[in-house]
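Dear colleague,

I am handing over the structure below, and my notes on what was found in it follow.

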Amino acid sequence: MGLADDFLEDARSLADSSVLYNRQTLMRRAISTAYYAAFHLFVEDFVEHWEFEDQRARLGRMFNHGPMRNAVFAPKDKRNPTAVEQELLDVITAFGQLQKDRQRADYDGGWRLVETDVRDSKRLAEDVFAKWRKIKGEDIARHHLLSMFGAKWD
Amino acid sequence: MYLPTAVTKQSEIEAAIHRVEQSIGPDVVRIRYEIGEDWSGQWAIFFRIVLKDDAARSRLRDVATKVVWGLAQHLDFPAMGVFPYHNFRSESEQAMLQEPAWA
């Protein structure tokens with residue numbers, strides 16, 4: 001298990017504790033950790049293909065939160081995406097939501113969190129993991145990962 | 001000042017919300033929204049979805065997915081120049097918090 005899976009496990013554990021103790025700070029940590037689980041999932045998948053193991057961490061530090069969310073993907077037929085395209089769209093939407101909620105959890109002191117916020121972040125992170133691992137070998141997923149890293153098409 | 005086309009499509013957005021509320025049924029109590037800039041300064045549409053307690057507690061994955069897919073089917077967010085965000089809470093949670101934006 002890598003960092004991503006460990007973070008996901010921590011996010012689940014924090015989510016459960018935060019609800020059990022009804023503690024706002026634990027809820028915030030749960031949501032933030034859920035985002036970082038997804039973030040590291042993409043970073044790990046990218047760097048594992050770099051042949052030089054001792055350079056992978058350095059390569060991973062090139063990922064930037066904003067550009068990762070801004071990577072654009074459009075299905076060939078917007079009205080009828082293929083199954084793989086729909087999975088990728090789901091991953092993109094979920095990742096964007098996790099990122100936004102992480103920003104609020106970490107910096108918006110006025111946000112009053114409830115159990116559904118925490119359980120939804122867990123759901124989103126789990127969906128990102130399940131769907132990404134299903135499609136990551138597909139062309140459109142590999143190209144999208146490059147886009148998240150900042151690679152341009154032309 | 002740049003404004004996304006979403007700001008001129010309020011009636012289309014409201015019609016889509018109504019269709020989604022109808023199609024999913026009583027699990028969705030109401031959907032509210034606003035258009036604004038997100039944390040990174042990009043334009044976004046923020047949906048606030050109140051669910052029945054049972055739906056939020058026991059069927060969140062199923063219902064949330066239907067809401068997200070339903071709205072995406074009826075609204076072309078990229079064409080409207082906005083990124084969609086969806087936050088959920090249960091009826092009881094909203095009753096406790098009494099936040100006007102979710103009313």
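A:Asp127 and B:Arg61 form a salt bridge in which the closest N and O atoms lie 2.9 Å apart, the rule being a side-chain nitrogen of Lys or Arg within 4 Å of a carboxyl oxygen of Asp or Glu. Across the interface of chain B and chain A, four salt bridges are found by this rule.

Please note that this is a predicted model, in which local features need pLDDT of at least 70 and side-chain atom pairs count only at pLDDT 80 or more, while totals for chains, interfaces and linings use all residues. Residues are numbered from 1 along each chain as its sequence is written, chains are lettered from A and ligands numbered from 1 in the order in which they are written, and side-chain values use heavy atoms, with hydrogens and water left out.

The area buried between the two chains (accessible area lost on being put together, 1.4 Å probe, summed over both) is about 2,300 Å², with carbon and sulfur atoms giving 49%. Of the area that chain B buries against chain A, B:Trp39, B:Arg61 and B:Phe83 supply 28%, more than any other three residues.

Strand β1(B) (28-37) joins β2(B) in the antiparallel sense through nine bridges, pairing being counted when DSSP finds at least two bridges, and B:Ile35 stands opposite B:Ile45. β3(B) pairs with β2(B) in the parallel sense over eight bridges, with B:Ile49 opposite B:Phe88.

Best regards

Technical notes:
Helices (H or I, at least four residues) and strands (E, at least two) are DSSP runs, numbered from the N terminus.
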